[in-house]
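Take a look at the sequence and the structure below. We'll walk through a few strands, a helix and the ligand's surroundings.

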Amino acid sequence: MIFPFGTTHIKNPFVLAPMAGCTDLPFRLLCREHGAALCYSEMIDCHGLVSQEQECLDLLLTNAAEQPVIMQLYGNDPFMMGEAAAILSEQPIAGIDINMGCPMEKIVQTGAGAALMKNPRLAEKIITSVCNTSTKPVTVKIRTGWNQHTITAPEISKIAEGAGAQAIAIHGRTWTDGFTGPIDHAVIVQTMKSVAIPVFANGDITSHEEGLALLRKIGCAGVMIGRAALGAPWIFSGGVNQQPSMAYRIKTLLRHLELAETHLVPEPSLSKIRNHAWKYFRGTTNGPAIRKQIDATTTYPELRDFIHTLAERVFQQ
Ligand SMILES: Cc1cc2nc3c(=O)[nH]c(=O)nc-3n(C[C@H](O)[C@H](O)[C@H](O)COP(=O)(O)O)c2cc1C
């Protein structure tokens, strides 16, 4: 499926979900190399961006090779969200997303993230403000609602479309569901029917095949994959490597390290990369032993050396 998004054409329906602490430039580049059509950044605090906090500025790292990328903002203040969107608009990116799905207590307590699912009026003000100041296409990432009694996704999507949003991504759970329980495909379909803009379905897609099956079943414009892409970027490409060998896993991890070393200076953060590295061995026979050794590393060079030694051993077999 190919559809236009602003001046960008999205070449296939597989999209990388925004994940704080995970979807930085190196991982997004890796997912693009493996076929993701569009990647979302980690969420960026609108206040931090406007006040130029280094932590937020670091999240703006992007390059031409990863395009199209969408950078995500979160916040509860329409004016500040608009200001932050104006700053993001100056970046060489394909679009700006508004986070209306984050369940974290410290975020929802402020009225931001998933709390906006129970406050359509504030949601409208924020989306309108971002659309007014952004020169890039705007998307909105939502949940099905706040809880089972407050299913607002169709209403809020309509509001978003009316305010100028160009796509919706919907995680098929409410805030109270967190990350567990079944995905509510019925509400995703209701949401699709309530708008004419593209809708990306999200939640618990664990393989390329499942993504294709969902596209066939509900006819959404795209499928957005989060956790299942961690340590498994090949999920975006389909084809032969869906049950990869240990050698292929390590080759992909080495490429991940290479991208991280190229783009994260002075060097990648140990805890972040260790987290990623762990996931490449999910479900493998030697996984537990390898993970123990990954955990034992205390610096990034130590971790890198361990992975290279592992690669030499495995590639010789
Ligand atoms: C570690 C982690 C970080 C996340 N960070 C964000 C975020 O920054 N913004 C956002 O909208 N959603 C975030 N999410 C939610 C995901 O984008 C996605 O909606 C959710 O994980 C369900 O999709 P999945 O089952 O494919 O993982 C995060 C999820 C995880 C696991």
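Two strands pair if DSSP finds at least two bridges between them. Helices (H or I, at least four residues) and strands (E, at least two) are DSSP runs, numbered from the N terminus. Keep in mind that this is a predicted model, where local features need pLDDT of at least 70, side-chain atom pairs count only at pLDDT 80 or more, and totals for chains, interfaces and linings use all residues. Residues are numbered from 1 along each chain as its sequence is written.

**Strand β9 and its partners**
- Strand β9 (residues 199–202) runs parallel to strand β10 (residues 222–225), and three bridges join them.
- In that pairing, F200 sits opposite G222 of β10.
- To get from β9 to β10, the chain passes through helix α9 (residues 208–218) in a right-handed β-α-β crossover; right-handed means that, with the strands pointing away from the viewer, the path from the first strand over the helix to the second runs clockwise.
- Strand β8 (residues 167–174) is also parallel to β9, with four bridges, and A169 stands opposite F200.

**A look at I159**
- You'll find I159 in helix α7 (residues 153–163).
- I159 counts as buried because it has 20 C-beta neighbours inside 10 Å (the cut-offs: buried at 20 or more other C-beta atoms within 10 Å, exposed at 12 or fewer, partly exposed in between, with C-beta atoms placed from the backbone).
- The C-alpha atoms of I159 and A123 are 8.3 Å apart, though 36 residues separate the two along the chain.

**Around the ligand**
- The ligand is surrounded by 22 residues, and the closest are A17, M19, M43, G226 and R227 (near means a C-beta atom, placed from the backbone, within 6 Å).
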